[in-house]
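Q: Hi! I'm new to this one and would like a quick tour. Could you show it to me?

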Amino acid sequence: MLRFYHPFSPKQDPDSSIGTHDKTFSHVLDGLHNMEPAGPLYNIECYGSSIHRLHLLHCETRTDEVKLIAAHVTGGNVETIQPVEVTDTHVIIEVQHLSCSGLLKPLLHRAYPIRAQVLLFYEQSLSKLHIHLLKRNVPVEEVQKKHQRFTYITTSSKCILSPRKTYRTCCKTDDCDYVSQPEEEKFDRDYDPNYHPTFEVFLNTDVKKVTLSILDEKDQVVWKPRTVVLTGRCRVSNSNDSPGADFVDKHKPDLIQRVPSVMEIVDCLISKNIITHEMYNKINIEATSQDKMREVYKYLNSAGRAAKAQFYQILLEKHHDLVTDLESGSGLD
């Protein structure tokens with residue numbers, strides 16, 4: 001039996017599949033003055049010798065220059081382990097015994113770029129956009145747990161950022177340029193269990209979408225401009241005028257057969273509080289995309305027309321061609 005403890009998740013019941021991140025990583029490195037964390041610390045428990053090798057995710061882009069090693073933490077002491085192999089995405093180590101394990105890298109004066117991500121949350125009550133710059137190996141689900149009051153905006157998040165370098169946002173509409181607070185900020189690779197946003201942008205209340213990009217200190221674009229659609233939480237409605245709900249009902253058989261990336265849709269549904277984590281897990285364990293979609297419809301039918309309207313908007317954003325095809329009545333695959 002294995003138990004993986006994901007970074008920075010709140011404390012769970014011991015039988016839960018998700019546990020706690022051990023926050024001692026930075027403290028136990030005090031004696032290693034030439035090293036710094038290169039990823040989260042995982043607490044991994046297993047029986048006997050059930051694991052032969054362990055693959056630890058990293059986000060470095062220059063593994064030819066940055067030498068990564070594994071750290072094994074027991075009783076407040078750190079044992080360093082040389083990897084068997086370092087790939088573009090993982091450090092592979094031989095396993096003898098497990099408890100808390102993570103990655104270390106030399107503390108370099110030169111800041112090499114790393115793989116990073118831009119995560120967006122929208123606070124509808126204040127019309128405020130929260131922008132997070134994080135390493136790519138930070139799980140999105142962990143950040144969402146800290147910001148459940150806000151709407152997570154799904155977007156293509158990948159980018160390359162350099163620790164200790166300064167970045168700023170470019171956020172605008174057709175008739176207005178918005179300035180973030182702070183106007184610029186250094187990218188920090190330290191893990192923070194609170195996941196505070198790097199930037200905040202206050203928008204006019206009537207703004208429905210903005211064009212957003214991230215620039216470096218030389219005004220070079222590091223996260224290309226993209227349209228960000230601002231949506232709030234799903235609101236309960238007793239009316240029968242929820243746009244898109246009829247489409248979802250009418251085209252149920254086609255959508256069950258033709259939606260290709262169901263879990264991408266489900267990620268949006270859970271971020272909008274349309275489904276629960278329990279529902280998410282039940283959908284995820286289904287073997288085929290068709291079975292996953294059937295489970296999705298079970299929950300949509302119980303949630304009502306407002307939820308179906310939100311589902312329609314997600315489909316329109318993620319699979320616009322499919323929606324257009326069904327609305328036109330062509331029925332072509």
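A: One term to start: contact means heavy atoms within 4.5 Å. This is a predicted model, where local features need pLDDT of at least 70, side-chain atom pairs count only at pLDDT 80 or more, and totals for chains, interfaces and linings use all residues. Residues are numbered from 1 along each chain as its sequence is written, and side-chain values use heavy atoms, with hydrogens and water left out.

Q: Thanks! Which residues is His 130 in contact with, leaving aside neighbours within four places in sequence?

A: Those are Leu 119, Leu 120, Phe 121, Glu 123, Phe 150, Pro 197, Phe 199 and Glu 200. His 130 itself sits in strand β11, residues 128-135 (strands are DSSP runs of E, at least two residues; helices are runs of H or I, at least four; both are numbered from the N terminus).

Q: Is His 130 buried or exposed?

A: Buried, because its relative accessibility is 5%. Buried means under 20% relative accessible area, exposed over 50%, and partly exposed in between, using a 1.4 Å probe and protein chains only.

Q: And which side chain does His 130 join in a polar contact?

A: That of Glu 123, at 2.9 Å. A polar contact is a pair of N or O atoms within 3.5 Å; within protein, one must be able to donate a hydrogen and the other to accept it, and residues adjacent in sequence count only if both atoms are side-chain atoms.

Q: New topic: how many salt bridges are there?

A: The count is eleven, where a salt bridge is a side-chain nitrogen of Lys or Arg within 4 Å of a carboxyl oxygen of Asp or Glu. One of them pairs Glu 123 with Lys 128, at 3.7 Å from N to O.

Q: What else does Lys 128 form a salt bridge with?

A: Glu 200, with the closest N and O atoms 3.4 Å apart. Lys 128 is in strand β11 and Glu 200 in strand β17 (residues 199-202), so this pair ties together parts 72 residues apart in sequence. Shared partners join Glu 123, Lys 128 and Glu 200 into one network.

Q: Last one: which residues touch the most other members of the largest nonpolar core?

A: Leu 255, Ile 275 and Phe 311, in a core of 29 residues. Helix α5 gives the largest share, seven residues. A nonpolar core is a set of buried Ala, Val, Leu, Ile, Met, Phe, Trp, Tyr and Cys residues joined through side-chain atoms within 4.5 Å.
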